[in-house]
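Thank you all for coming. I would like to walk you through one model this morning, beginning with the packing of the protein and ending with its surroundings.

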Amino acid sequence: MSAPTPPSAPDRDTYDPAAVEAIWHARWQERGTHRTDLSGANPFFQLMMFPYPSAEGLHVGNLYAFTGNDIHGRFQRLKGHTVFQPLGFDAFGIHSENYALKVGVHPMELIPRNVANFRRQLDRAGLMVDWRYAVDTTRPDYYKWTQWVFLQLYKQGLAYRKSAAVNWCPSCKTVLANEQVESGNCERCGTEVTQRVLEQWFCRISEYAPRLLGNLDRLDWSETTKQAQRNWIGRSEGAHLLFPVTDPRTDAGAATVADVPDGEPDDDTITVFTTRPDTVFGATYLVLAPEHPLVDVITTPERRAAVEAYRVRTAQQDLVSRKVTKEKTGAFTGAYAINPATQRPIPVWIADYVLMEYGTGAIMAVPGHDERDFAFAQVFGLPIVRVVAGDGEDARTPLAEAFHGEGRLVNSARFDGLRVDEAKGRIVEWLASRKAARAVTNYRLHDWCISRQRYWGPPIPILYCDACGVVPVPEAQLPVVLPNIPDYRPDDSGVSPLARHEEWYHVPCPRCGAVARRETDVSDTFLDSAWYFLRYPSADRDDVPFDAARTRHWLPVTSYIGGNEHAVLHLLYARFVTMVLHDAGLVPFEEPFATFRAHGLIIREGAKMSKSKGNVITPDALIEQWGADTFRTYLMFLGAFEEGGDYRDSGIVGVRRFLDRVWASAAACTRDGAPDGAPDGAPDAGVLRKLHATIKKVGEDIPRLSYNTAIAAMMEYVNALRAGERIPHHDEVRPLVSLLAPFAPHLAEALHERLGGTGSVMDAGWPAFDPALLVEDEAEIVVQVAGKVRGKVRVPRHAGQDAVAAAALADPAIAKFVNGTPKKLVYVPGRLLNVVP
RNA sequence: GUCGGCAUGGCGGAACUGGCAGACGCGCAGGACUUAGGAUCCUGUUCCGAAAGGAGUGUGGGUUCGACCCCCACUGCCGACACCA
């Protein structure tokens, strides 16, 4: 098996991509072809997701996404828009930091190097980027404004501190993200990961959940992305139910607590969230999250030791395995609470399968109708009661597993016989009238933790003063510059390395002048990327994060195309930050991205690309071998852009042959003595019709990102152009060059010039097609008999059903399938006739 | 487990609202030009069949004059989330 090689021997007048591309890179640079006039009319903001500039350099996944954006942006420019297509670098974060530690080069040295390499590669690929507006999240002139964004959140009361657990690797002495924990162990050193509880900064994104969800219906986004966000926000309708705790020492039975208290949750009332209030009669025990504050209050002395032991055990477990392990464990608190429906006391347990961060951190367990509660009840021998019966079942039908389906209530006193959906409302109403329930909408979305106990990020601009408390750094004092310190390795303290740098750590309090301490956590990289699109048009401005007039002119983003791996986090945080800035009167819109399209993933020979498999494609080598235009076009030819593609080494030669043929066609029609090679010196009518059909098709395919079919259409046209070794006419080739420009911009520039064009092909406009040329005089009608194709007939364009039927039956090859008079004729004008015998 | 996506020739993939399945490309076969070709050009290429014809879009059913496309049930692969009450 050998990889195909490009056609060789550049003698005479053949396509030499390396030469062409070098010439045009230089000219684009000289002429400023890729510069956007920001005051230009008809603005079109084409945004692509900025990359993390890794040391390995650009990978095909990046290039696939960028090329898809570039084609769209170039097309919009050809269509007459002023296109702004900036790019930048998302270079902060734990990934860079770990890599820097590994190779022993300081990130402040490493990142600029990587960025320079990325720019070189991106330019080599022919992207239409105006680098004057590039952003780099690690530069103080950018993160000054990231810190400013944080302060806006703080001012609105949307940034706050609370303690939360983080994963901690005792060996690496560092905080780990959930994805860096592999089955309970650190992904780098394999040490068992533990939990630490630290004070951290959070953003109240959960407060925006209803708006973030509601707006989705109005956004022109890929449906898959919107659905992912809906699931992530996770709205669920249910109820809070109140279970008063009884004191077993004073209450002999249920009677004394039968009178429901005032309904306000107090020290000895457990509030649970449930989406199945209809099953409350089957709630045979309660479970609290081990961290639930009421645990301390209600645990009985006899059970305290066991409960504490269980809480310690849970606290030590890393965050990932706690959620992944399905085996049920728990401890009985010794306390009982009154089921507000049955009035009977039920035991209160703690278990790690109940999460403090969701709902109220407490559940009513209905083992008959919830798998988790069922499993738990089985382990601990707790009662399982059926309260819903499906078809053919009754109150006594035994439960081999939790029953989830439709059905009617049983064992539920006066609610017996109601359907599940009716019962939900009725039971909540009933309990509400006794002040034991309230209908509630709950969201899964939890607040966004932006603290990172690391070095490589923007310092959170907060000071702690013994006298004044928490003090935000005044905006005039921004940026809080990340100091260039040689020792940025995290240590055992769990506090950022920044805390070790006295001269940075201690500063005067801006309010009272006393010595204050800096916040030493840096912020999440998702904060950097949550507003970068606002910065681009104003990237040259030092005085403001984003200029009001430019923002009004360019935003919201016209078209955003990116990977669905950012469907939830990045895109949701960006929407949230934009909404907050809108509420503060700082931007005139609340949704940042008018349209968003998710592109697919690129794989290699049917398998995912990975370093361990050794099947990673290196763009540099392929561009070297085939040329950037061929590589770009091939990437887009692999499959539908929104579906992704399978990169096969063997196919690229086909695209190269196509571009060779385009070059040869342009060469042939400009050669001395042969500019008008067709016999009568005019373009061929058939070729011209095909040309106009191709202009139409390519112009329709590009906006719907159907790049592969657009390329196929151009290939078809080139085949028609050259069929039978005919010499193409000048006017047949020139429009093709424009159609090809978004895909193969260097080649298009060269041929545009060669065919007598002036300036850049990008400013020469998009060819128009003549609809009149597309209609044919005769139509070919497919003839079916009983739904099977039996032949075709040619008829005049507007022939009616009878004429077509007559023509069809006159054809013996068709007529032989029809005995006697047809029962029915189905005629689709201009396309098809179905004869039903 | 839940949510989403996908399943079409030897291969990557087309087929827009139910109307010629297999566009385009790779590969393969034959031919032309050549001292030569792994360059270029031309022709052919879903399968079975000499042909007439038949079969065919993961599997099983359904709706329809007509289904890759719609409905029901299932299988497999890919992705995201994952004890969310």
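When I call a residue buried, I mean that its relative accessible area is under 20%, whereas exposed means over 50% and partly exposed lies in between, with a 1.4 Å probe and protein chains only. Helices (H or I, at least four residues) and strands (E, at least two) are DSSP runs, numbered from the N terminus. Please keep in mind that this is a predicted model, in which local features need pLDDT of at least 70 and side-chain atom pairs count only at pLDDT 80 or more, while totals for chains, interfaces and linings use all residues. Residues are numbered from 1 along each chain as its sequence is written, chains are lettered from A and ligands numbered from 1 in the order in which they are written, and side-chain values use heavy atoms, with hydrogens and water left out.

Let me start with helix α23, residues 730–740, which is mostly covered, since nine of its 11 residues are buried. Among them are H730 and E732, together with V733, P735 and L736. Taking contact as heavy atoms within 4.5 Å, the buried residues of α23 pack against α2, α20, α21, α22 and α24.

Helix α26, residues 801–810, has V804, A805 and A808 as its buried residues. These cover an arc of only 100° around the axis (taken from the directions from the helix axis to the C-beta atoms), which puts them on the same side of α26. The face turned away from that buried side carries the exposed residues D802 and A810. Among the elements that cover the buried residues of α26 are the strands β31, β32, β33 and β34, as well as α27.

Now to RNA strand B, where I count a residue as near if one of its heavy atoms lies within 4 Å of the strand. Of the 56 residues around RNA strand B, those that come nearest are N231, T275, R372, R657 and N834. Which helix gives the most to this surface? That is α22, with six residues.

For polar contacts, meaning here pairs of N or O atoms within 3.5 Å, a side-chain N or O atom of N719 is 3.1 Å from a phosphate oxygen of RNA strand B, and one of K788 is 3.0 Å from a phosphate oxygen. In Q784, by contrast, a polar side-chain atom lies 3.4 Å from a base nitrogen.

Methods: Polar contact = N/O pair within 3.5 Å; in protein donor to acceptor, adjacent residues only side chain to side chain.
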